[in-house]
Amino acid sequence: MSTIPSPRTTSSSGPSEPDPTDNGTSARSVRSPWPGWLLLIVLLGQFMAILDSFVVNVATATIRTELDASGSGLQLVVAGYTITYAVLLITGARLGARHGHRRVFLLGLGLFTLASLLCGIASGTEQLIAFRFVQGAGAAVMLPQVLSLIQRTYDGPARVRALGFFSAVIASGAAIGMIVGGLLISADLFGWSWRPVFLVNVPIGLLLLVLGPRLMPRDAPHAGERGRPLDLPGMVLLAASVMCFTVPMVLGEEQGWPLWTWISFALCAVLAAAFAGYESRLARRGGAPLIAPGVLRAPGVPQAVARIGLAMAMNAGVLLSLSLHLQSGLHFSPMRTGLTFLPTAVAFGGVGLNWRKLPQRWHGALPTVGLLLAAVSFAGTGYVLRDGGDGGLWLYLVLFGGGGGLGLTFSPTLGRTLAGVRPEHAADASGLLTTTSQLGLLTGVAVYGAVYLAEASGGALSSSAHGTWITSLALAGTAVAALGTALMRRGR
(Lines give C-alpha, C1' and ligand atoms only; values in the text may rest on other atoms or scores of the structure.)
Protein backbone atom coordinates (compact mmCIF):
# COMPACT_ATOMS: atom_id res chain seq x y z
CA MET A 1 0.00 0.00 0.00
CA SER A 2 3.02 2.31 0.05
CA THR A 3 2.39 3.54 -3.45
CA ILE A 4 -1.11 4.79 -2.67
CA PRO A 5 -1.17 8.41 -1.55
CA SER A 6 -2.35 9.42 1.88
CA PRO A 7 -5.32 11.75 2.32
CA ARG A 8 -4.61 15.35 3.07
CA THR A 9 -6.81 15.43 6.18
CA THR A 10 -5.32 14.81 9.58
CA SER A 11 -8.14 14.31 12.06
CA SER A 12 -8.79 10.74 13.13
CA SER A 13 -11.49 11.14 15.73
CA GLY A 14 -14.25 12.97 13.94
CA PRO A 15 -15.10 15.46 11.24
CA SER A 16 -12.51 18.18 10.89
CA GLU A 17 -13.55 21.78 11.29
CA PRO A 18 -13.88 23.71 8.05
CA ASP A 19 -10.99 25.92 7.10
CA PRO A 20 -12.13 29.46 7.82
CA THR A 21 -10.30 30.69 4.72
CA ASP A 22 -12.14 28.49 2.24
CA ASN A 23 -15.53 30.22 2.47
CA GLY A 24 -17.23 26.93 3.04
CA THR A 25 -16.20 25.43 -0.27
CA SER A 26 -14.32 22.35 0.88
CA ALA A 27 -15.91 19.17 2.13
CA ARG A 28 -15.29 17.95 5.65
CA SER A 29 -13.69 14.52 6.01
CA VAL A 30 -11.87 12.23 8.40
CA ARG A 31 -8.85 10.12 7.65
CA SER A 32 -9.11 6.36 7.43
CA PRO A 33 -6.99 4.43 9.95
CA TRP A 34 -5.35 2.85 6.87
CA PRO A 35 -4.25 5.63 4.50
CA GLY A 36 -5.14 4.87 0.90
CA TRP A 37 -8.17 2.65 1.52
CA LEU A 38 -10.50 5.29 0.13
CA LEU A 39 -8.57 5.31 -3.13
CA LEU A 40 -8.48 1.52 -3.35
CA ILE A 41 -12.23 1.16 -2.73
CA VAL A 42 -13.38 3.86 -5.14
CA LEU A 43 -11.00 2.72 -7.89
CA LEU A 44 -12.29 -0.85 -7.59
CA GLY A 45 -15.83 0.48 -7.93
CA GLN A 46 -14.75 2.57 -10.91
CA PHE A 47 -13.03 -0.42 -12.48
CA MET A 48 -16.20 -2.52 -12.25
CA ALA A 49 -18.29 0.23 -13.82
CA ILE A 50 -15.90 0.72 -16.74
CA LEU A 51 -15.40 -3.01 -17.16
CA ASP A 52 -19.11 -3.54 -17.68
CA SER A 53 -19.11 -1.16 -20.63
CA PHE A 54 -16.95 -3.66 -22.51
CA VAL A 55 -16.94 -7.07 -20.84
CA VAL A 56 -20.25 -8.01 -22.46
CA ASN A 57 -18.92 -7.41 -25.99
CA VAL A 58 -17.25 -10.82 -26.28
CA ALA A 59 -20.33 -12.53 -24.79
CA THR A 60 -22.77 -11.28 -27.43
CA ALA A 61 -22.59 -14.37 -29.65
CA THR A 62 -23.35 -16.67 -26.72
CA ILE A 63 -26.15 -14.42 -25.40
CA ARG A 64 -27.72 -14.28 -28.86
CA THR A 65 -27.74 -18.06 -29.16
CA GLU A 66 -29.00 -18.89 -25.67
CA LEU A 67 -31.62 -16.14 -25.37
CA ASP A 68 -32.56 -16.09 -29.07
CA ALA A 69 -31.99 -12.33 -29.08
CA SER A 70 -32.69 -10.23 -32.15
CA GLY A 71 -30.05 -7.94 -33.56
CA SER A 72 -31.60 -4.80 -32.08
CA GLY A 73 -32.20 -6.58 -28.78
CA LEU A 74 -28.56 -7.61 -28.64
CA GLN A 75 -27.49 -4.03 -29.36
CA LEU A 76 -29.60 -2.80 -26.45
CA VAL A 77 -28.05 -5.43 -24.17
CA VAL A 78 -24.64 -4.02 -25.05
CA ALA A 79 -25.52 -0.33 -25.22
CA GLY A 80 -28.47 0.07 -22.83
CA TYR A 81 -25.94 0.28 -20.01
CA THR A 82 -24.02 3.04 -21.77
CA ILE A 83 -27.15 5.01 -22.66
CA THR A 84 -28.33 5.47 -19.06
CA TYR A 85 -24.74 5.81 -17.92
CA ALA A 86 -24.08 8.74 -20.28
CA VAL A 87 -27.47 10.38 -19.72
CA LEU A 88 -27.28 10.40 -15.90
CA LEU A 89 -23.57 11.04 -15.23
CA ILE A 90 -23.77 14.79 -14.65
CA THR A 91 -26.89 14.32 -12.53
CA GLY A 92 -24.98 11.74 -10.48
CA ALA A 93 -22.16 14.19 -9.97
CA ARG A 94 -24.56 16.85 -8.73
CA LEU A 95 -26.25 14.42 -6.32
CA GLY A 96 -22.86 13.62 -4.79
CA ALA A 97 -22.03 17.28 -4.32
CA ARG A 98 -25.41 17.89 -2.71
CA HIS A 99 -25.67 14.85 -0.41
CA GLY A 100 -22.07 13.77 0.16
CA HIS A 101 -19.84 11.85 -2.26
CA ARG A 102 -19.16 8.92 0.07
CA ARG A 103 -22.86 8.32 0.71
CA VAL A 104 -23.86 8.62 -2.94
CA PHE A 105 -20.94 6.42 -4.05
CA LEU A 106 -22.12 3.62 -1.76
CA LEU A 107 -25.74 4.01 -2.91
CA GLY A 108 -24.67 3.80 -6.54
CA LEU A 109 -22.45 0.81 -5.78
CA GLY A 110 -25.37 -0.97 -4.10
CA LEU A 111 -27.66 -0.36 -7.10
CA PHE A 112 -24.94 -1.47 -9.52
CA THR A 113 -24.28 -4.68 -7.56
CA LEU A 114 -27.98 -5.55 -7.35
CA ALA A 115 -28.47 -4.91 -11.07
CA SER A 116 -25.43 -7.09 -11.86
CA LEU A 117 -27.05 -9.95 -9.94
CA LEU A 118 -30.33 -9.47 -11.79
CA CYS A 119 -28.52 -9.40 -15.16
CA GLY A 120 -26.78 -12.66 -14.27
CA ILE A 121 -30.05 -14.47 -13.51
CA ALA A 122 -32.15 -12.89 -16.29
CA SER A 123 -34.26 -15.45 -18.14
CA GLY A 124 -34.93 -13.50 -21.33
CA THR A 125 -33.69 -10.68 -23.55
CA GLU A 126 -36.26 -8.17 -22.29
CA GLN A 127 -35.27 -8.75 -18.68
CA LEU A 128 -31.58 -8.49 -19.49
CA ILE A 129 -32.09 -5.20 -21.34
CA ALA A 130 -34.10 -3.72 -18.46
CA PHE A 131 -31.52 -4.75 -15.86
CA ARG A 132 -28.69 -3.36 -18.03
CA PHE A 133 -30.43 0.03 -17.99
CA VAL A 134 -30.60 -0.17 -14.18
CA GLN A 135 -26.96 -1.23 -14.02
CA GLY A 136 -25.99 1.82 -16.07
CA ALA A 137 -27.96 4.06 -13.71
CA GLY A 138 -26.05 2.63 -10.75
CA ALA A 139 -22.75 3.28 -12.51
CA ALA A 140 -23.81 6.84 -13.32
CA VAL A 141 -24.52 7.53 -9.65
CA MET A 142 -21.31 5.84 -8.45
CA LEU A 143 -18.62 6.82 -10.93
CA PRO A 144 -18.66 10.66 -10.72
CA GLN A 145 -18.00 10.41 -6.98
CA VAL A 146 -14.60 8.79 -7.60
CA LEU A 147 -12.99 11.83 -9.14
CA SER A 148 -14.76 14.18 -6.76
CA LEU A 149 -13.51 12.25 -3.70
CA ILE A 150 -9.96 12.27 -5.06
CA GLN A 151 -10.13 16.01 -5.78
CA ARG A 152 -11.53 16.82 -2.34
CA THR A 153 -9.49 14.36 -0.27
CA TYR A 154 -5.98 14.62 -1.70
CA ASP A 155 -3.78 17.61 -2.34
CA GLY A 156 -0.42 18.40 -3.90
CA PRO A 157 1.76 15.42 -4.94
CA ALA A 158 -0.70 13.00 -3.31
CA ARG A 159 -3.46 14.22 -5.62
CA VAL A 160 -1.19 13.89 -8.64
CA ARG A 161 -0.42 10.25 -7.75
CA ALA A 162 -4.09 9.51 -7.07
CA LEU A 163 -5.09 10.99 -10.43
CA GLY A 164 -2.45 8.77 -12.04
CA PHE A 165 -4.18 5.69 -10.65
CA PHE A 166 -7.54 7.11 -11.71
CA SER A 167 -6.30 7.67 -15.27
CA ALA A 168 -4.76 4.21 -15.48
CA VAL A 169 -8.00 2.53 -14.44
CA ILE A 170 -10.30 4.53 -16.70
CA ALA A 171 -7.90 4.22 -19.62
CA SER A 172 -7.19 0.48 -19.47
CA GLY A 173 -10.68 -0.65 -18.39
CA ALA A 174 -11.88 -1.07 -21.98
CA ALA A 175 -9.12 -3.45 -23.05
CA ILE A 176 -9.17 -5.33 -19.75
CA GLY A 177 -12.94 -5.73 -20.17
CA MET A 178 -12.37 -7.53 -23.45
CA ILE A 179 -9.77 -9.78 -21.81
CA VAL A 180 -11.90 -10.62 -18.77
CA GLY A 181 -14.95 -11.25 -20.93
CA GLY A 182 -13.02 -13.65 -23.14
CA LEU A 183 -11.62 -15.55 -20.16
CA LEU A 184 -15.00 -15.87 -18.43
CA ILE A 185 -16.83 -17.05 -21.54
CA SER A 186 -14.13 -19.59 -22.40
CA ALA A 187 -13.97 -20.89 -18.81
CA ASP A 188 -17.76 -21.50 -18.74
CA LEU A 189 -17.74 -21.42 -14.93
CA PHE A 190 -20.23 -23.87 -13.36
CA GLY A 191 -21.76 -24.30 -16.80
CA TRP A 192 -23.27 -20.81 -16.51
CA SER A 193 -22.12 -19.74 -19.98
CA TRP A 194 -22.34 -15.92 -20.31
CA ARG A 195 -23.79 -15.26 -16.84
CA PRO A 196 -20.47 -14.93 -14.92
CA VAL A 197 -19.76 -11.85 -17.05
CA PHE A 198 -22.29 -10.08 -14.83
CA LEU A 199 -22.17 -12.20 -11.68
CA VAL A 200 -18.45 -11.54 -11.18
CA ASN A 201 -19.43 -8.05 -9.96
CA VAL A 202 -21.57 -9.35 -7.12
CA PRO A 203 -18.93 -10.64 -4.64
CA ILE A 204 -16.67 -7.66 -5.37
CA GLY A 205 -19.53 -5.21 -4.90
CA LEU A 206 -20.64 -6.84 -1.66
CA LEU A 207 -17.08 -6.72 -0.30
CA LEU A 208 -16.80 -3.02 -1.12
CA LEU A 209 -20.20 -2.34 0.47
CA VAL A 210 -18.94 -3.96 3.68
CA LEU A 211 -15.55 -2.20 3.67
CA GLY A 212 -16.67 1.20 2.38
CA PRO A 213 -18.66 2.46 5.39
CA ARG A 214 -15.83 1.36 7.71
CA LEU A 215 -12.75 2.48 5.82
CA MET A 216 -13.77 5.43 3.63
CA PRO A 217 -13.35 8.85 5.25
CA ARG A 218 -16.64 10.62 5.81
CA ASP A 219 -17.35 13.71 3.79
CA ALA A 220 -20.13 16.26 3.97
CA PRO A 221 -21.37 18.63 1.30
CA HIS A 222 -20.26 22.19 1.89
CA ALA A 223 -22.79 24.85 2.73
CA GLY A 224 -22.93 26.20 -0.80
CA GLU A 225 -23.86 22.79 -2.21
CA ARG A 226 -26.47 22.05 0.44
CA GLY A 227 -28.31 25.22 -0.52
CA ARG A 228 -27.77 24.80 -4.24
CA PRO A 229 -30.91 23.64 -6.07
CA LEU A 230 -30.70 20.67 -8.44
CA ASP A 231 -31.50 22.69 -11.59
CA LEU A 232 -34.17 20.27 -12.76
CA PRO A 233 -34.88 22.09 -16.06
CA GLY A 234 -31.17 21.89 -16.90
CA MET A 235 -31.10 18.20 -16.04
CA VAL A 236 -34.10 17.49 -18.27
CA LEU A 237 -32.66 19.43 -21.22
CA LEU A 238 -29.25 17.79 -20.90
CA ALA A 239 -30.66 14.28 -20.45
CA ALA A 240 -32.95 14.72 -23.46
CA SER A 241 -30.08 16.04 -25.58
CA VAL A 242 -27.79 13.15 -24.66
CA MET A 243 -30.60 10.63 -25.23
CA CYS A 244 -31.27 12.04 -28.70
CA PHE A 245 -27.59 11.53 -29.47
CA THR A 246 -27.01 8.12 -27.91
CA VAL A 247 -30.09 6.20 -29.10
CA PRO A 248 -29.53 6.74 -32.86
CA MET A 249 -25.80 6.16 -32.35
CA VAL A 250 -26.61 2.76 -30.85
CA LEU A 251 -29.37 1.62 -33.22
CA GLY A 252 -28.76 3.61 -36.40
CA GLU A 253 -26.14 1.47 -38.15
CA GLU A 254 -28.05 -1.81 -37.93
CA GLN A 255 -31.27 -0.17 -39.13
CA GLY A 256 -29.55 1.55 -42.06
CA TRP A 257 -29.72 5.09 -40.62
CA PRO A 258 -33.44 5.71 -41.24
CA LEU A 259 -34.98 9.17 -41.19
CA TRP A 260 -35.76 9.07 -37.47
CA THR A 261 -32.06 8.85 -36.59
CA TRP A 262 -31.28 12.10 -38.44
CA ILE A 263 -34.30 13.82 -36.90
CA SER A 264 -33.01 12.70 -33.50
CA PHE A 265 -29.54 14.14 -34.20
CA ALA A 266 -31.10 17.45 -35.28
CA LEU A 267 -33.23 17.51 -32.14
CA CYS A 268 -30.09 16.81 -30.10
CA ALA A 269 -28.48 19.96 -31.51
CA VAL A 270 -31.59 22.02 -30.75
CA LEU A 271 -31.80 20.71 -27.19
CA ALA A 272 -28.07 21.25 -26.63
CA ALA A 273 -28.41 24.86 -27.75
CA ALA A 274 -31.44 25.29 -25.49
CA PHE A 275 -29.48 23.80 -22.59
CA ALA A 276 -26.53 26.15 -23.16
CA GLY A 277 -28.82 29.17 -23.42
CA TYR A 278 -30.77 28.26 -20.31
CA GLU A 279 -27.63 27.62 -18.27
CA SER A 280 -26.12 30.95 -19.34
CA ARG A 281 -29.25 32.87 -18.38
CA LEU A 282 -29.44 31.00 -15.07
CA ALA A 283 -25.84 31.89 -14.24
CA ARG A 284 -26.40 35.57 -15.10
CA ARG A 285 -29.40 35.66 -12.75
CA GLY A 286 -27.23 34.35 -9.94
CA GLY A 287 -28.72 30.85 -10.03
CA ALA A 288 -26.98 27.47 -9.77
CA PRO A 289 -26.46 25.99 -13.26
CA LEU A 290 -25.87 22.28 -13.69
CA ILE A 291 -22.29 22.89 -14.84
CA ALA A 292 -20.58 25.80 -13.12
CA PRO A 293 -19.28 28.40 -15.62
CA GLY A 294 -15.94 28.30 -13.77
CA VAL A 295 -15.39 24.73 -14.99
CA LEU A 296 -15.82 25.65 -18.64
CA ARG A 297 -13.53 28.67 -18.20
CA ALA A 298 -10.78 26.66 -16.47
CA PRO A 299 -7.51 26.58 -18.46
CA GLY A 300 -7.53 23.97 -21.18
CA VAL A 301 -10.96 22.49 -20.42
CA PRO A 302 -12.50 22.96 -23.93
CA GLN A 303 -9.40 21.43 -25.54
CA ALA A 304 -9.42 18.62 -22.99
CA VAL A 305 -13.07 17.83 -23.67
CA ALA A 306 -12.36 17.54 -27.41
CA ARG A 307 -9.18 15.49 -26.96
CA ILE A 308 -10.63 13.09 -24.39
CA GLY A 309 -13.71 12.54 -26.54
CA LEU A 310 -11.58 11.79 -29.61
CA ALA A 311 -9.21 9.52 -27.66
CA MET A 312 -12.09 7.46 -26.30
CA ALA A 313 -13.72 7.29 -29.74
CA MET A 314 -10.50 5.94 -31.24
CA ASN A 315 -10.10 3.50 -28.35
CA ALA A 316 -13.61 2.11 -28.87
CA GLY A 317 -13.16 2.04 -32.64
CA VAL A 318 -9.99 -0.03 -32.64
CA LEU A 319 -11.33 -2.45 -30.01
CA LEU A 320 -14.61 -3.00 -31.86
CA SER A 321 -13.29 -3.32 -35.41
CA LEU A 322 -10.38 -5.54 -34.42
CA SER A 323 -12.57 -7.73 -32.20
CA LEU A 324 -14.99 -8.26 -35.09
CA HIS A 325 -12.13 -9.15 -37.46
CA LEU A 326 -10.43 -11.51 -35.03
CA GLN A 327 -13.64 -13.42 -34.25
CA SER A 328 -15.51 -13.24 -37.56
CA GLY A 329 -12.61 -13.13 -40.00
CA LEU A 330 -9.81 -15.04 -38.31
CA HIS A 331 -12.16 -17.17 -36.12
CA PHE A 332 -10.28 -16.53 -32.87
CA SER A 333 -11.92 -17.88 -29.71
CA PRO A 334 -13.28 -15.34 -27.20
CA MET A 335 -10.33 -16.04 -24.89
CA ARG A 336 -7.72 -15.56 -27.62
CA THR A 337 -9.51 -12.42 -28.80
CA GLY A 338 -9.49 -10.98 -25.30
CA LEU A 339 -5.83 -11.83 -24.71
CA THR A 340 -4.87 -10.18 -27.99
CA PHE A 341 -5.73 -6.85 -26.38
CA LEU A 342 -3.43 -7.44 -23.39
CA PRO A 343 -0.59 -5.28 -24.86
CA THR A 344 -3.06 -2.41 -25.31
CA ALA A 345 -4.22 -2.65 -21.71
CA VAL A 346 -0.67 -2.90 -20.34
CA ALA A 347 0.56 0.09 -22.36
CA PHE A 348 -2.49 2.26 -21.67
CA GLY A 349 -2.46 1.55 -17.94
CA GLY A 350 1.32 1.76 -17.63
CA VAL A 351 1.39 5.20 -19.19
CA GLY A 352 -1.37 6.38 -16.85
CA LEU A 353 0.73 5.39 -13.84
CA ASN A 354 4.14 6.56 -15.00
CA TRP A 355 3.89 9.61 -17.28
CA ARG A 356 4.47 11.93 -14.30
CA LYS A 357 7.96 10.46 -13.83
CA LEU A 358 9.09 12.08 -17.07
CA PRO A 359 10.69 15.55 -16.80
CA GLN A 360 8.00 18.12 -16.22
CA ARG A 361 9.11 20.22 -19.18
CA TRP A 362 8.04 17.33 -21.43
CA HIS A 363 4.51 17.02 -20.04
CA GLY A 364 2.96 19.59 -22.37
CA ALA A 365 4.25 17.72 -25.42
CA LEU A 366 3.05 14.26 -24.35
CA PRO A 367 -0.41 14.44 -25.99
CA THR A 368 1.21 15.46 -29.28
CA VAL A 369 3.65 12.57 -29.10
CA GLY A 370 0.84 10.23 -28.09
CA LEU A 371 -1.37 11.15 -31.03
CA LEU A 372 1.51 10.72 -33.48
CA LEU A 373 2.33 7.31 -31.98
CA ALA A 374 -1.33 6.32 -32.10
CA ALA A 375 -1.61 7.34 -35.77
CA VAL A 376 1.41 5.23 -36.73
CA SER A 377 0.21 2.28 -34.64
CA PHE A 378 -3.33 2.33 -36.06
CA ALA A 379 -2.00 2.36 -39.61
CA GLY A 380 0.43 -0.42 -38.65
CA THR A 381 -2.42 -2.55 -37.24
CA GLY A 382 -4.27 -2.42 -40.54
CA TYR A 383 -1.09 -3.02 -42.51
CA VAL A 384 -0.06 -6.23 -40.72
CA LEU A 385 -3.62 -7.65 -41.07
CA ARG A 386 -4.47 -6.46 -44.58
CA ASP A 387 -3.48 -9.74 -46.33
CA GLY A 388 -5.65 -11.96 -44.13
CA GLY A 389 -2.93 -13.20 -41.78
CA ASP A 390 -2.96 -12.94 -38.01
CA GLY A 391 -0.11 -10.42 -37.91
CA GLY A 392 2.11 -12.55 -35.68
CA LEU A 393 4.33 -10.67 -33.26
CA TRP A 394 3.92 -7.45 -35.23
CA LEU A 395 0.25 -7.28 -34.27
CA TYR A 396 1.10 -7.28 -30.55
CA LEU A 397 3.80 -4.65 -31.08
CA VAL A 398 1.51 -2.22 -32.92
CA LEU A 399 -1.27 -2.79 -30.38
CA PHE A 400 1.20 -1.98 -27.62
CA GLY A 401 2.14 1.20 -29.47
CA GLY A 402 -1.51 2.15 -29.95
CA GLY A 403 -2.27 1.66 -26.27
CA GLY A 404 0.77 3.73 -25.31
CA GLY A 405 -0.15 6.47 -27.75
CA LEU A 406 -3.71 6.76 -26.46
CA GLY A 407 -2.40 6.63 -22.90
CA LEU A 408 -0.05 9.55 -23.59
CA THR A 409 -3.01 11.42 -25.06
CA PHE A 410 -5.56 10.66 -22.37
CA SER A 411 -3.77 10.52 -19.02
CA PRO A 412 -1.67 13.73 -19.19
CA THR A 413 -4.66 15.60 -20.62
CA LEU A 414 -6.88 14.49 -17.76
CA GLY A 415 -4.29 15.02 -15.03
CA ARG A 416 -3.09 18.45 -16.17
CA THR A 417 -6.60 19.72 -16.83
CA LEU A 418 -7.92 18.65 -13.44
CA ALA A 419 -4.97 20.35 -11.77
CA GLY A 420 -6.55 23.64 -12.89
CA VAL A 421 -10.02 22.85 -11.55
CA ARG A 422 -10.95 24.20 -8.13
CA PRO A 423 -12.01 21.56 -5.55
CA GLU A 424 -15.51 23.02 -5.29
CA HIS A 425 -15.91 22.42 -9.03
CA ALA A 426 -14.75 18.81 -8.78
CA ALA A 427 -18.28 17.38 -9.16
CA ASP A 428 -18.99 19.42 -12.28
CA ALA A 429 -15.61 18.57 -13.83
CA SER A 430 -16.08 14.89 -12.99
CA GLY A 431 -19.48 14.73 -14.64
CA LEU A 432 -18.38 16.72 -17.69
CA LEU A 433 -15.20 14.76 -18.45
CA THR A 434 -16.73 11.36 -17.71
CA THR A 435 -19.76 12.13 -19.87
CA THR A 436 -17.40 13.22 -22.63
CA SER A 437 -15.59 9.89 -22.35
CA GLN A 438 -18.83 7.93 -22.66
CA LEU A 439 -20.09 9.95 -25.62
CA GLY A 440 -16.71 9.45 -27.25
CA LEU A 441 -17.00 5.69 -26.78
CA LEU A 442 -20.49 5.65 -28.28
CA THR A 443 -19.39 7.75 -31.22
CA GLY A 444 -16.39 5.50 -31.84
CA VAL A 445 -18.52 2.36 -31.82
CA ALA A 446 -21.04 3.87 -34.23
CA VAL A 447 -18.64 5.60 -36.65
CA TYR A 448 -15.79 3.10 -36.89
CA GLY A 449 -18.15 0.15 -36.58
CA ALA A 450 -20.07 1.47 -39.58
CA VAL A 451 -16.83 1.91 -41.56
CA TYR A 452 -15.70 -1.64 -40.81
CA LEU A 453 -19.08 -3.25 -41.53
CA ALA A 454 -19.47 -1.35 -44.81
CA GLU A 455 -16.02 -2.42 -46.05
CA ALA A 456 -16.28 -5.99 -44.74
CA SER A 457 -19.74 -6.65 -46.15
CA GLY A 458 -18.57 -9.57 -48.30
CA GLY A 459 -18.27 -11.85 -45.29
CA ALA A 460 -15.06 -13.52 -46.48
CA LEU A 461 -11.70 -13.25 -44.72
CA SER A 462 -10.38 -10.98 -47.46
CA SER A 463 -13.34 -8.62 -46.98
CA SER A 464 -12.84 -8.55 -43.21
CA ALA A 465 -9.13 -7.86 -43.64
CA HIS A 466 -9.91 -5.04 -46.08
CA GLY A 467 -12.44 -3.59 -43.64
CA THR A 468 -9.82 -3.65 -40.88
CA TRP A 469 -7.30 -1.90 -43.15
CA ILE A 470 -9.72 0.89 -44.12
CA THR A 471 -10.92 1.33 -40.53
CA SER A 472 -7.32 1.52 -39.31
CA LEU A 473 -6.58 4.26 -41.82
CA ALA A 474 -9.66 6.15 -40.64
CA LEU A 475 -8.44 5.84 -37.03
CA ALA A 476 -4.98 7.07 -38.02
CA GLY A 477 -6.57 10.04 -39.79
CA THR A 478 -8.57 10.90 -36.68
CA ALA A 479 -5.40 10.83 -34.57
CA VAL A 480 -3.69 13.22 -36.97
CA ALA A 481 -6.74 15.52 -36.98
CA ALA A 482 -6.79 15.47 -33.15
CA LEU A 483 -3.27 16.93 -33.12
CA GLY A 484 -4.92 20.33 -33.40
CA THR A 485 -6.28 20.06 -29.85
CA ALA A 486 -2.84 19.18 -28.47
CA LEU A 487 -1.13 22.04 -30.31
CA MET A 488 -3.79 24.51 -29.11
CA ARG A 489 -3.19 23.50 -25.51
CA ARG A 490 0.59 23.83 -25.86
CA GLY A 491 0.21 27.25 -27.42
CA ARG A 492 -1.99 28.44 -24.55
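The model is predicted.

**Glutamate 66**

Glutamate 66 sits in helix α2, which runs over residues 60-67.

Which residues does glutamate 66 touch, once neighbours within four places in sequence are set aside? The answer is Ser193 and Trp194. Both contacts have a polar part. The side chains of glutamate 66 and serine 193 are joined by a polar contact of 2.6 Å. The side chain of tryptophan 194 also makes a polar contact with the side chain of glutamate 66, at 3.2 Å.

Serine 123 is a further reference point. In sequence, 57 residues separate it from glutamate 66. In space, the two C-alpha atoms are 9.8 Å apart.

**The largest pocket**

Helix α2 also has a part in the next topic. The largest pocket holds about 1,100 Å³ of space. It is lined by 34 residues, and those closest to its centre are Thr60, Gln75, Val78, Leu320 and Leu324. Six elements are listed as giving two or more residues to this lining: α1 (37-54), α2, α3 (71-99), α10 (232-251), α13 (301-329) and α18 (426-455). Which element gives the most? It is α18, with eight residues.

**The second largest pocket**

The second largest pocket has a volume of about 510 Å³. Its lining counts 22 residues, and Leu238, Ala272, Phe275, Ile291 and Leu432 are the closest to its centre. Two or more lining residues come from each of α10, α11 (259-284), α12 (293-297) and α18. Here α11 has the largest share, with seven residues.

**The linings by class**

The table sets out the residue classes of each lining.

| Pocket | Nonpolar | Polar | Charged |
|---|---|---|---|
| Largest pocket | 21 nonpolar residues | 10 polar residues | three charged residues |
| Second largest pocket | 16 nonpolar residues | five polar residues | one charged residue |

In the largest pocket, then, 21 lining residues are nonpolar and three are charged. In the second largest pocket, 16 are nonpolar and one is charged.

Terms used
Residues are numbered from 1 along each chain as its sequence is written. This is a predicted model: local features need pLDDT of at least 70, side-chain atom pairs count only at pLDDT 80 or more; totals for chains, interfaces and linings use all residues. Side-chain values use heavy atoms; hydrogens and water are left out. Helices (H or I, at least four residues) and strands (E, at least two) are DSSP runs, numbered from the N terminus. Contact means heavy atoms within 4.5 Å. A polar contact is a pair of N or O atoms within 3.5 Å; within protein, one must be able to donate a hydrogen and the other to accept it, and residues adjacent in sequence count only if both atoms are side-chain atoms. On a 1 Å grid over the protein atoms alone, a cavity is a set of points where a 1.4 Å probe fits but cannot get out, and a pocket is an open set with protein on both sides within 12 Å along at least five of seven lines; lining residues have an atom within 4 Å of a point. Grid points are joined across faces, edges and corners, and a volume is the space filled by probe spheres set on the points. Ala, Val, Leu, Ile, Met, Phe, Trp, Tyr, Cys and Pro count as nonpolar, Asp, Glu, Lys and Arg as charged, and the others, Gly among them, as polar.
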